[in-house]
Amino acid sequence: MKNHVRNEESVQVLVDRFLQHVKWAKSTRDRKMYVIRNELLPRFGRYGLSEIQFPDILTVIDEINIKRQAPATAIEFRNLLAQLYDFARDRGLQVENLAARIRPSSIHTFQARDRALSGTEIGALYHSMKQVPVTPVMKHALKLLLLTMVRKGELQGATWDEIDFEEKTWTIPKERMKMRRPHIVYLSRQAMDILLGLQYMGGGSQYVLPSRYDEDKPLAASTFNKTCLSCVTVAQEKGWDLRRFNPHDLRRTASTILHEAGFNSDVIEKCLAHEQKGVRAVYNKAEYAKHRRELLQAWADMIDKFVENFGGK
């Protein structure tokens, strides 16, 4: 540690101020407060941020990650410290964000087979999209993927003749559907707003998401994955809670959150274009049009709440 800097707030005081400004869901707050109380404050609480040196941070992270074999705790420690630096810098402290030098992926990479984003991560995703160096079309594409609960390939090839603005529906032809059956997506107000914006940006292309370099071709499938990775990079540089994910995880995210919220499972499965098998399929032929429309609007409203309540801005 460097020598004490006169008149600089201690990390303890800074944390107290920081906690008055952030908004976290209860489960997120409980997790972060555990790390603040047990890792951050015992080590750095009595020092000012400008007294902490980069090797000090690395030593703590290595102790937690390597010696204790607790990579999630180490990453949370890094993220909280990075947020604290940003908070102090926004309020005039002239200090480099040393924690931002450390990429979370250099600490540990979690490989989740059943990856679903939390509400906090959805908020981080939307706010990171404001800063990623990709086209507005690609940002809209990622939002539509989450809002409509479709597969990447189903959205990638969407054309304007599939969109009915009067009925607020998008009919995906069977050729692009996994089950080789047409699928109707009931468009929420938020999805309609995005589609209207995309039509203004489309430049006359038949595709809802035209290629940046050739409007007669759809957006490349690989662009979705690259944008996901760019959003994670931006979020982690900010110290926001957003772990690595891929486009298909957004479908799983919608399914997980909606099931946890108590929505009808059959309606959710219909929105996902999952075909039931066995006896249940024989007796459950309902398309649930009204309920699917209501569910997709409720889902869009939930996303808006996640973004509005995001505390990492």
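Predicted model: local features only at pLDDT ≥ 70, side-chain atom pairs only at ≥ 80, totals over all residues.

**Entry 1: the whole chain**

I went on to the secondary structure and found 14 helices and 3 strands in the chain. I then looked up the box that the C-alpha atoms fill along the principal axes, and it is roughly 70 × 45 × 30 Å. Of the 313 residues, 50% count as buried. I also checked the contacts with a separation of 6 or more, and residues 24 or more positions apart account for 68% of them.

For charge, I have 49 positive and 38 negative side chains. The centres of these two sets lie 3 Å apart.

**Entry 2: helix α7 and its partners**

Next I turned to helix α7, residues 136–148. At what angle does α7 cross helix α14? I get roughly 130° for the crossing with α14, residues 289–308, and the axes come within 9 Å. Roughly perpendicular is kept for 65 to 115 degrees and roughly antiparallel for angles over 145, so α7 counts as oblique to α14. On the α7 side the contact is made by Leu146, Leu147 and Thr148, and on the α14 side by Leu296, Trp299, Ala300 and Ile303.

I compared notes with the packing of α7 on helix α10, residues 221–237, where the angle is about 90° and the axes are 10 Å apart. That angle makes α7 roughly perpendicular to α10. Here α7 brings in Met138, Ala141, Leu142 and Leu145, while α10 contributes Thr223, Phe224, Thr227, Cys228 and Cys231.

**Entry 3: Leu242**

I moved along to Leu242, which I found in the loop between α10 and α11, the latter spanning 247–260. Is Leu242 buried or exposed? Its relative accessible area is 2%, so I put Leu242 down as buried.

I wanted to know what surrounds Leu242, leaving out residues up to four places away in sequence. Leu242 touches Leu117, Glu121, Ala124, Leu125 and Ser128, and also Cys231, Val232, Ala235 and Gln236. One of these, Cys231, is on my list for the α7 contact with α10 as well. For Ser128 I looked up the spacing too: 114 residues separate it from Leu242 along the chain, yet their C-alpha atoms are 9.5 Å apart.

**Entry 4: two positive phi values**

Which loop holds Lys168? I located Lys168 between β1 (163–164) and β2 (169–172). Its phi is near 55°, a positive value in a residue other than glycine. Lys168 is partly exposed, at a relative accessible area of 40%.

Ala273 also gave me a positive phi, about 60°, although this residue is not a glycine. I placed Ala273 in the loop between α12 and α13, with α13 covering 279–283. Ala273 has a relative accessible area of 8%, under the 20% limit, so I have it as buried.

**Entry 5: Asp266**

My last stop was Asp266, which sits in helix α12, residues 265–271. Asp266 counts as buried because its relative accessibility is 10%, and the limit for buried is under 20%. I also checked Asp266 against His291: they are 25 residues apart in sequence and 10.0 Å apart in space, C-alpha to C-alpha.

Terms used:
Residues numbered from 1 in each chain as written. Heavy atoms only, no water. Helix = DSSP H or I, 4+ residues; strand = E, 2+ residues; numbered from the N terminus. Buried < 20%, exposed > 50% of the residue type's maximum accessible area, 1.4 Å probe, protein only. Contact = heavy atoms within 4.5 Å. Lys, Arg positive; Asp, Glu negative; His and termini not counted. Charge placed at Lys NZ, Arg CZ, Asp CG, Glu CD. Axes fitted to C-alpha atoms, helices over the stretch in contact; angles between N-to-C directions. Parallel < 35°, antiparallel > 145°, perpendicular 65-115°, else oblique.
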